[in-house]
Amino acid sequence: MTSWHDFFIGLAVGLGFALVIWVIYLFKVRSTRIKGENEVKKYKEMLTSRMEIESEGVEKLKKSNEELKTQNENLRISLQTMSQKPGRKEMERLQVYQKAVDRLTINSPGFGPAWQAALKESEEEFSKTYSGVLPFIRRVIPGKTNAQLMDTEDVTNGDDV
C-alpha cells in the first residue's frame, strides 16, 4: 500500500506544482492582457486628440482661405476702381504729353529754347507757391489753368481745334 500511497502523494505534489504554475501563468496572461488594453486605450486617446487638433487646424485653414479669397476679391475690385478713377487717366495723358514734348524738343530746332524758357518760368512760379502770401491766396482762392479753360470752352462752343 505504500507504493500506491506514495504514488498518490507524488501525484498530488505534481498536480499542486502544476496548479501553482497554471495560476501563475493565468496571472501573467491577465496582466499582459490588461497592459495591452491600457496601451490600446492610450493609443486611442492619442489618436482622438490628434484628430481633434488636425480638424481644428483644417478648420482654421479653411477660414483663413475664405478670408484670403474675400480679401483678394476686395483688392481686385479696389484695383478695378482705382484704374477707373480720373487721376489715372490724367497721369496716362501726362505721360503721352511728356513723350510728345520730348519728341518735339529733339525734332524741332526752334521749339527747344522756347519750351525751356516757358518751363523755367512755370517752375519759378510754382516754387513761389510754397512761400509768402501767394500760397495762402492759392489755398483760399483756387485758380484754373489755361488748359482747363480751353477744354471747357471747346466743349461748350463745339469748336474743333
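Valine 29 is partly exposed, at 36% relative accessibility. The residue lies in helix α1. The model is a predicted one. In this model, valine 29 belongs to a nonpolar patch on the surface.

Charged pairs were examined next. Side chains of opposite charge can pair when their charged atoms come close. Searching the whole structure gives three salt bridges. One links arginine 33 to glutamate 37, another joins arginine 50 and glutamate 54, and a further one pairs arginine 76 with glutamate 73.

In the pair of arginine 33 and glutamate 37, the closest N and O atoms are 3.9 Å apart. The cut-off for a salt bridge is within 4 Å, so the pair at 3.9 Å is counted. Both residues lie in helix α1, which spans residues 2-84. They are four residues apart there, and therefore separated by about one helical turn. Arginine 33 has a relative accessible area of 49% and is partly exposed. Glutamate 37 is also partly exposed, at 44% relative accessibility.

Arginine 50 and glutamate 54 repeat the four-residue spacing within helix α1, about one turn of the helix. Their closest N and O atoms are 2.9 Å apart. Arginine 50 is exposed, with a relative accessible area of 55%. The class of exposed residues starts over 50%, which means that arginine 50, at 55%, falls within it.

The salt bridge between arginine 76 and glutamate 73 has its closest N and O atoms 2.3 Å apart. Here the two residues are three residues apart in helix α1. This spacing, too, places arginine 76 and glutamate 73 about one helical turn from each other. Arginine 76 is partly exposed, its relative accessible area being 46%. For glutamate 73 the relative accessible area is 34%, and this residue is likewise partly exposed.

Note on methods: Residues are numbered from 1 along each chain as its sequence is written. This is a predicted model: local features need pLDDT of at least 70, side-chain atom pairs count only at pLDDT 80 or more; totals for chains, interfaces and linings use all residues. Side-chain values use heavy atoms; hydrogens and water are left out. A salt bridge is a side-chain nitrogen of Lys or Arg within 4 Å of a carboxyl oxygen of Asp or Glu. Buried means under 20% relative accessible area, exposed over 50%, partly exposed in between (1.4 Å probe, protein chains only). Patches are made of residues with over 30% relative accessible area and no salt bridge: like charges are joined within 9 Å, nonpolar side chains (Val, Leu, Ile, Met, Phe, Trp, Tyr) within 5 Å. Accessible areas come from the Shrake-Rupley method with a 1.4 Å probe; for residues, only the protein chains shown count as cover.
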